[in-house]
Amino acid sequence: MSTAAAPVRSGAVLADLLPAARHRYAVDAALVLGGAALTGLAAQIAVPVPGSPVPVTGQTFAALLIGTALGARRGFLSLALYALVGMAGVPWFAEGTSGYAMPSLGYVFGMLLAATVVGALARRGGDRSVLRTAGTMAIGSAVVYAVGVPYLALSTGMSLSAAVAAGLTPFLIGDALKALLAMGALPAAWKLLGRRG
């Protein structure tokens, strides 16, 4: 008589495996708040990139993991909360910045959209195997850049090719490393939780 086994196999994300019982809304709220806080903490792991107004951070990795683990709705809410609170003045964007007049804000909007996309893919099993996780992370990263790079170009007056050189190319190796971490962590979490279910 196991009711936990069915969600593990169809349409669930990792957060759905948490015991919730009568407190589903409280659990969801805690997950959303925790996701926003984790993104803010990860944004403080920042390394400046010479010639670019955008640093390398742990924020994108956190956003993609949050979207994948929480699903599209909770992932969207986590990143929306992160974006709104940061724009309102809480200094938890990259390098302790805040506000809305930054050339890197487009990446935050891209992360919001990417968390939603990878969350939807995770509901379809996009985080259950190494190859699927690699594809999910690649799509999520592409979404971040699809919003962030044009925003960078518009906000700084750079040409699109200059924005690609400053806001995409220097980050590709780091993105590959982050994808490798996710490719190991997410399928392993499913295997562990699948055994328990």
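What follows is a walk through the fold of this chain, its helix packing and a few individual residues. The model is predicted, so everything below is read from a computed structure.

The chain holds eight helices and two strands. Read from the N terminus, the order of elements is α-α-β-β-α-α-α-α-α-α. The C-alpha trace spans about 60 × 35 × 20 Å along its principal axes. The radius of gyration comes out at 17 Å, which agrees with the value near 16 Å that a compact globule of 197 residues would have. Of those 197 residues, 44% are buried. As for how the chain folds back on itself, take the contacts with a separation of 6 or more: residues 24 or more positions apart account for 68% of them.

The crossing of α2 past α4 is right-handed. On the α2 side, the contact uses Arg 24, Asp 28, Leu 31, Val 32, Leu 33, Gly 35, Ala 36, Thr 39, Gly 40 and Ala 43. Facing them from α4 are Arg 73, Arg 74, Leu 77, Ser 78, Leu 79, Leu 81 and Tyr 82. Sorted by class, this contact of α2 with α4 has nine nonpolar, four polar and four charged residues.

Next come α3 and α6. Helix α3 covers residues 59–70, while α6 takes in residues 130–156. The two axes come within 11 Å and cross at roughly 125°, and α3 and α6 are therefore oblique to each other. Here too the crossing is right-handed. Thr 60, Leu 64 and Thr 68 are the α3 residues in the contact, and they meet Thr 136, Met 137, Gly 140, Ser 141 and Val 144 of α6. That makes three nonpolar and five polar residues in the contact of α3 with α6, with no charged ones.

Helix α6 also packs against α7, which runs over residues 160–167. The angle for α6 and α7 is about 120°, and their axes lie 8 Å apart. These two helices are therefore oblique to each other as well, and α6 passes α7 in a right-handed crossing. From α6, Tyr 145, Val 149, Pro 150, Leu 152 and Ala 153 take part; from α7, the partners are Leu 160, Ala 163, Val 164 and Gly 167. The contact of α6 with α7 splits into eight nonpolar residues, one polar and no charged.

Ala 15 sits in the loop between α1 (5–9) and α2. With a relative accessibility of 6%, Ala 15 counts as buried, because the cut-off for that label is under 20%. Leaving aside residues up to four places away in sequence, Ala 15 touches Arg 24, Leu 31, Ala 69, Leu 70 and Arg 74. Among these, Arg 24, Leu 31 and Arg 74 also take part in the contact of α2 with α4. Asp 28, another α2 residue in that contact, is 13 residues from Ala 15 in sequence, with 8.8 Å between the two C-alpha atoms.

Val 117 belongs to helix α5. Its relative accessibility is 26%, so Val 117 is classed as partly exposed. Beyond residues up to four places away in sequence, Val 117 touches Ile 139 and Val 143.

Finally, Glu 95 stands out for its backbone. Most residues other than glycine have a negative phi. Glu 95, though, has a positive phi, near 60°. A relative accessible area of 45% makes Glu 95 partly exposed.

Methods:
Residues are numbered from 1 along each chain as its sequence is written. This is a predicted model: local features need pLDDT of at least 70, side-chain atom pairs count only at pLDDT 80 or more; totals for chains, interfaces and linings use all residues. Side-chain values use heavy atoms; hydrogens and water are left out. Axes are lines fitted to C-alpha atoms, for helices over the stretch in contact, and angles run from 0 to 180 degrees between N-to-C directions. Helices (H or I, at least four residues) and strands (E, at least two) are DSSP runs, numbered from the N terminus. Angles under 35 degrees count as roughly parallel, over 145 as roughly antiparallel, 65 to 115 as roughly perpendicular and the rest as oblique. A crossing is left-handed if the near helix is turned anticlockwise from the far one by less than a right angle, and right-handed if clockwise. Contact means heavy atoms within 4.5 Å. Ala, Val, Leu, Ile, Met, Phe, Trp, Tyr, Cys and Pro count as nonpolar, Asp, Glu, Lys and Arg as charged, and the others, Gly among them, as polar. The radius of gyration is taken over C-alpha atoms; the globule rule is 2.2 Å times the number of residues to the power 0.38. Buried means under 20% relative accessible area, exposed over 50%, partly exposed in between (1.4 Å probe, protein chains only).
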